[in-house]
Amino acid sequence: MWPTVFDPFKELQDIERRLGAVLGANKPVQKVEAFTPAVNEKVDDKGYYLEIDLPGVKKENIEINVNDGVLTVSGERKLEKKEEKENYTRIESFFGRFERAFKLPADADADNIEAKFEDGVLKVFIPRKAKAEGKKIEIK
């Protein structure tokens, strides 16, 4: 008789199957309450750039606000109802509300922030304020 070989991947699959049965993983779609979109940040002499990945989010479901030196991007990715012929659907995409907040640097020009949304990516440009020229003060 051969010795029993321990296969950790088989054990993990078995645990996942049993937990799925207990937790109801094979039920219809479950809604995720919130998610955090990925952000790419870039800085150059002109300003600050944010690229926020929002696939499947509609432009009208995104809101951008600036308050007390903080830029906040929030919104919602809504789950569309689908009729399936199978007994279950597996969805790994994130749905629900999202919010990201960014503290603006001291030289950020909050009054001239620009944003555009294309191909599921929100691009935000935060220009730098023009540096104040030094002033010589005459002594009287």
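Author: Please note that this is a predicted model. On its surface, L12, I15 and L19 form a nonpolar patch, with about 280 Å² of accessible area together.

Reader: Where is L12 found, and is it buried or exposed?

Author: A residue counts as exposed when its relative accessible area is over 50%. L12 has a relative accessible area of 54%, so it is exposed. It is found in helix α1, which covers residues 8–23.

Reader: How many helices and strands does the protein have?

Author: There are one helix and seven strands. Along the sequence they follow the pattern α-β-β-β-β-β-β-β.

Reader: How many aromatic pairs does a search of the whole structure find?

Author: The search finds one. Its members are Y49 and F125, with 4.9 Å from centre to centre and 40 degrees between the planes. Planes under 30 degrees apart count as stacked and those over 60 as edge-to-face, so this pair is classed as tilted.

Reader: Which parts of the chain does the pair link?

Author: The pair links distant parts: Y49 lies in strand β2 (residues 47–53) and F125 in strand β7 (residues 121–127), 76 residues apart.

Reader: Are Y49 and F125 buried or exposed?

Author: Buried means under 20% relative accessible area. F125, at 18%, is therefore buried, whereas Y49, at 23%, is partly exposed.

Reader: Which charged end sits over the ring of Y49?

Author: That of K42 does, 4.9 Å from the centre of the ring.

Terms used: Residues are numbered from 1 along each chain as its sequence is written. This is a predicted model: local features need pLDDT of at least 70, side-chain atom pairs count only at pLDDT 80 or more; totals for chains, interfaces and linings use all residues. Side-chain values use heavy atoms; hydrogens and water are left out. Helices (H or I, at least four residues) and strands (E, at least two) are DSSP runs, numbered from the N terminus. Patches are made of residues with over 30% relative accessible area and no salt bridge: like charges are joined within 9 Å, nonpolar side chains (Val, Leu, Ile, Met, Phe, Trp, Tyr) within 5 Å. Accessible areas come from the Shrake-Rupley method with a 1.4 Å probe; for residues, only the protein chains shown count as cover. A salt bridge is a side-chain nitrogen of Lys or Arg within 4 Å of a carboxyl oxygen of Asp or Glu. Buried means under 20% relative accessible area, exposed over 50%, partly exposed in between (1.4 Å probe, protein chains only). Rings of Phe, Tyr and Trp (its six-membered ring) pair if their centres lie within 6.5 Å; planes under 30 degrees apart count as stacked, over 60 as edge-to-face and the rest as tilted. A charge sits over a ring if NZ of Lys or CZ of Arg is within 6 Å of the ring centre and within 35 degrees of the ring normal.
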